[in-house]
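Dear colleague,

I am passing on the structure we spoke about, and my notes on what was found follow below it. Please look through the model first and then read on.

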Amino acid sequence: MENCIFCKIIRGEIPSKKVFEDDRILVIEDITPQAPLHLLLLPKRHFVNSLDMSGEEDGEVGYIFRKGGEIAKQKGFAESGFRLVQNNGAGAGQSVFHAHFHLLAGRAFTWPPG
């Protein structure tokens with residue numbers, strides 16, 4: 001998408017602190033972290049959220065969850081736990097309408113969230 005901020009970050013038009021990148025996803029540090037570890041996992045293919053998935057994105061989403069677990073383990077949070085979450089719509093806290101997943105770790109989390 002032309003004006004999507006995450007698409008611009010993926011294309012390298014806006015700088016970011018990259019943690020990981022391959023041909024499917026980009027993982028960056030969140031600019032307003034809500035935990036000691038707060039990363040954004042961005043699929044390179046633009047879709048808005050889970051309501052916008054056509055089936056082509058199924059592989060990306062599974063890959064993102066696996067890669068999120070790998071990164072949490074590499075960063076030392078496998079034992080203490082971590083949260084991997086995706087918001088769907090403004091009412092759920094989605095502020096950028098390019099599907100993305102938050103990897104949060106390093107503090108206690110409550111349930112229910114929010």
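A disulfide is counted here when two cysteine sulfur atoms lie within 2.5 Å of each other. Please bear in mind that this is a predicted model, and that a search of the whole structure finds zero disulfides.

Turning to the strands, E1 (residues 18-21) and E2 run antiparallel and are joined by three bridges. The two form a hairpin, with three residues between them, and glutamate 21 stands opposite leucine 26 in E2.

There is also the matter of the largest pocket, which holds about 750 Å³ of space. Its lining is made up of 32 residues, and those nearest the centre of the pocket are Asp30, Gln34, His38, Leu40 and His102. Two or more lining residues come from each of helix H1 (5-10), strand E2 (25-29), strand E3 (37-43), strand E4 (82-85) and strand E5 (101-105), and among these H1 gives the most, with three residues. By type, the lining residues of the largest pocket divide into 15 nonpolar, 12 polar and five charged.

With best wishes

Technical notes
Residues numbered from 1 in each chain as written. Predicted model: local features only at pLDDT ≥ 70, side-chain atom pairs only at ≥ 80, totals over all residues. Heavy atoms only, no water. 1 Å grid on protein atoms, 1.4 Å probe; cavity = no way out; pocket = protein on both sides within 12 Å on 5 of 7 lines; lining within 4 Å. Points joined across faces, edges and corners; volume = space filled by probe spheres on them. Helix = DSSP H or I, 4+ residues; strand = E, 2+ residues; numbered from the N terminus. Nonpolar A, V, L, I, M, F, W, Y, C, P; charged D, E, K, R; others polar. Pairing = 2+ DSSP bridges.
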